[in-house]
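At each stop, select what is named before reading on.

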Amino acid sequence: MDQSFLNRPELSGLDPVKKKFLAELIEEAQKTSQKNMPTLYMKAISKMNALRLKFSPEESALLAEILEAQMSKEDRKRFDAVKKMLLK
């Protein structure tokens with residue numbers, strides 16, 4: 001996945017630590033099979049907790065929108081399923 005979305009004007013105020021976290025997550029996701037994506041997301045949540053990173057609802061919605069725009073229809077379905085699982 002292209003990381004250029006991190007340079008979008010809407011994300012200009014995003015904390016540099018959060019940007020770095022997202023860049024690393026995207027890099028790791030590129031190396032991860034679809035089958036192992038849920039595991040990757042769970043690890044990402046653990047890392048966020050360890051770093052005490054919190055994304056505001058607005059940041060989360062914007063990031064999801066940007067990421068989903070770059071995904072195929074199949075990937076969006078998987079992403080939605082993971083989001084639902086994580087929001088429980």
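The expected span of a helix is 1.5 Å times one less than its number of residues. With that in mind, and remembering that this is a predicted model, select helix H1, residues 16-30: its 15 residues should span 21 Å, and because its end C-alpha atoms are 21 Å apart, the expectation and the model agree.

Now colour the buried residues of H1, which are Lys 18, Phe 21, Leu 22, Ala 23, Leu 25 and Ile 26.

Next, select the aromatic rings. How many aromatic pairs does a search of the whole structure find? The search finds one, and it is formed by Phe 21 and Phe 55, whose ring centres are 6.4 Å apart and whose planes meet at 45°, so the pair is tilted. The pair links distant parts of the chain, for Phe 21 belongs to helix H1 while Phe 55 lies in the loop between helix H2 (37-51) and H3, 34 residues apart. Both partners fall under the 20% limit for a buried residue: Phe 21 counts as buried at 6% relative accessibility, and Phe 55 is buried with a relative accessible area of 17%.

Keep Phe 55 in view and show the side chain of Lys 18, whose charged end sits over the ring of Phe 55 at 5.1 Å from the ring centre. Leaving aside neighbours within four places in sequence, Glu 59 is in contact with Leu 14, Lys 18 and Lys 54.

Now select Phe 5, Leu 11, Phe 21, Leu 22, Phe 55 and Leu 63, which, of the 16 residues in the largest nonpolar core, touch the most other members. H1, H2 and H3 each supply at least two residues of this core, and H1 gives the most, with five residues.

Return to H1 and select Glu 28, which is found in that helix. Is Glu 28 buried, partly exposed or exposed? Glu 28 counts as partly exposed, because its relative accessibility is 38%.

Follow the chain onward to Thr 32, in the loop between H1 and H2. The side chain of Thr 32 reaches back to the backbone oxygen of Glu 28 at 2.7 Å, and Thr 32 counts as buried at 17% relative accessibility. Beyond its neighbours within four places in sequence, Thr 32 is in contact with Met 37 and Leu 40.

Finish at Arg 52, which lies in the loop between H2 and H3. Arg 52 has a positive phi of about 60° although it is not a glycine, and Arg 52 is exposed, with a relative accessible area of 73%.

Notes
Residues numbered from 1 in each chain as written. Predicted model: local features only at pLDDT ≥ 70, side-chain atom pairs only at ≥ 80, totals over all residues. Heavy atoms only, no water. Contact = heavy atoms within 4.5 Å. Helix = DSSP H or I, 4+ residues; strand = E, 2+ residues; numbered from the N terminus. Buried < 20%, exposed > 50% of the residue type's maximum accessible area, 1.4 Å probe, protein only. Phe/Tyr/Trp six-rings, centres within 6.5 Å; stacked < 30°, edge-to-face > 60°. Lys NZ or Arg CZ within 6 Å of the ring centre and 35° of its normal. Core = buried A, V, L, I, M, F, W, Y, C linked by side-chain atoms within 4.5 Å. Polar contact = N/O pair within 3.5 Å; in protein donor to acceptor, adjacent residues only side chain to side chain.
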